[in-house]
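Have the sequence and the 3D view open as you read.

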Amino acid sequence: MERRTIGAAALEVGAVGLGCMPMSWAYTGSQQRGEESLRAVHTALDAGVNLLDTADMYGPFTNELLIGRVLKERRADAFVSTKCGLLVGEQHIVANGRPGYVKRACDASLRRLGTDVIDLYQLHRADPEVPVEETWGAMAELVAAGKVRALGLSALGARSGRRAGARLHDGTIRQLRRVQQVFPVSTVQAELSVWSPDALDALLPWCQARGVGFLAAMPLGNGFLTGTLKPGQGFEPDDVRARHPRFTAEMMAANQPILVGLRRIAERHGAEVTEAQVALAWVLSRGPHVVPVPGTKRERWARENAAAAELHLTPEDLAEIAGLPVAQGSWE
């Protein structure tokens, strides 16, 4: 697989990453099977997908333990990315950016992952009660201690840090400017997909201008852009899509023209090419510093997602995607 060099620390990773969250958290709990997920990770690594993206809150904790089982056998094959800064309670999630906590969280992640060093340590969310410079400073000390190789920042959520009339990622850019004064940012992780392209407006150009890698979260639109979901199919209560405005039966039906366009392009490239691969190839085409991180817990999809790195869209394909209808339904 093509390798992409991203960030201030010159991190070299496969062009497509693997989001590990669905294996343990947030998506269809009844289908989360540890052994199947382990096979999916091994399949991804075999295909050249080395960036494994996890977080201590996924599970919580169980996703890091799962990835740790793979790392026992294949640490040299993997680029390990995990996150800190969010605590999961019974009915809520809260941020904790206190320096002491961040250092303890890192040690705990190292133990669960069974590794001596985390390749990329990301701040999941800044704590509104703690200056972000203090949190980032503690993370920088982890680099100095040899426990972490590089630091990344996850973008604020859609509802967080918004001012009247502000663009979606203005708050994230303000945070980035502050933490850059403390220690270099190697990556930013934010949603980017055919139906959620907001990062193209300001956040992606900000990263490109400063040599910061961009990890595209949810590049398959939480599964919608795979074409495998049907309007009105319903989701389990613990699935995040059960509460997402774009996953009501009405909105899924209204957004079918986007899938029709992706399918049309896929068919031009061959019978084996899928809508999902076209969607990932579009993200890859956004720049050499962009790495899509599609999540999956199944071998089949891990293999298919990896193969998207070999699909090169034509200027005509890209123009057709640019002309697709804007996704309907609030993403807030």
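Let's start with Asp53, which is buried, at a relative accessible area of 3% (buried means under 20% relative accessible area, exposed over 50%, and partly exposed in between, using a 1.4 Å probe and protein chains only). Before going further, a word on the ground rules: this is a predicted model, where local features need pLDDT of at least 70, side-chain atom pairs count only at pLDDT 80 or more, and totals for chains, interfaces and linings use all residues. Residues are numbered from 1 along each chain as its sequence is written, and side-chain values use heavy atoms, with hydrogens and water left out.

**Charged pairs**

Side chains of opposite charge can pair when their charged atoms come close. Here, a salt bridge is a side-chain nitrogen of Lys or Arg within 4 Å of a carboxyl oxygen of Asp or Glu. By this rule the count comes to 17 salt bridges. Three of them are set out below.

| Salt bridge | Closest N and O atoms |
|---|---|
| Lys83 and Asp53 | 2.8 Å |
| Glu64 and Arg112 | 2.7 Å |
| Lys147 and Asp107 | 2.8 Å |

Take the Lys83 and Asp53 salt bridge. Lys83 sits in strand β5 (residues 79-84) and Asp53 in strand β4, so this pair ties together parts that are 30 residues apart in sequence. (Helices, H or I with at least four residues, and strands, E with at least two, are DSSP runs numbered from the N terminus.) Lys83 is buried, with a relative accessible area of 1%.

Next comes the salt bridge between Glu64 and Arg112. It links distant parts of the chain, with Glu64 in helix α2 and Arg112 in helix α3, 48 residues apart. Both Glu64 and Arg112 are buried.

Helix α4 (residues 132-144) has 13 residues and reaches 18 Å from first C-alpha to last, close to the 18 Å expected at 1.5 Å a residue (the expected span is 1.5 Å times one less than the number of residues). Its buried residues include Trp136, Met139 and Leu142. The buried residues of α4 pack against α3 (99-113), β8 (118-123), β9 (148-154) and α5 (170-180), where contact means heavy atoms within 4.5 Å. Just after α4, Gly146 takes a positive phi of about 80°.

A nonpolar core is a set of buried Ala, Val, Leu, Ile, Met, Phe, Trp, Tyr and Cys residues joined through side-chain atoms within 4.5 Å. The largest one has 84 residues, and Tyr121, Leu203 and Phe214 have the most contacts inside it. Apart from that core lies another, of ten residues, among them Val13, Phe79, Ala150 and Leu215. Leaving aside neighbours within four places in sequence, Phe214 is in contact with residues including Val188, Leu203, Cys207 and His289.

Most residues other than glycine have a negative phi, and most peptide bonds are trans. The peptide bond from Gly59 to Pro60 is cis, with omega near -5°, and Pro60 is in the loop between β4 (51-53) and α2 (62-74). Phe61 lies in the loop between β4 and α2 and has a positive phi, near 75°. Phe61 counts as partly exposed, at 41% relative accessibility.

Asn222 also isn't a glycine, yet has a positive phi of about 55°. Asn222 is in the loop between β11 (213-217) and α7 (249-254) and is buried, with a relative accessible area of 7%.
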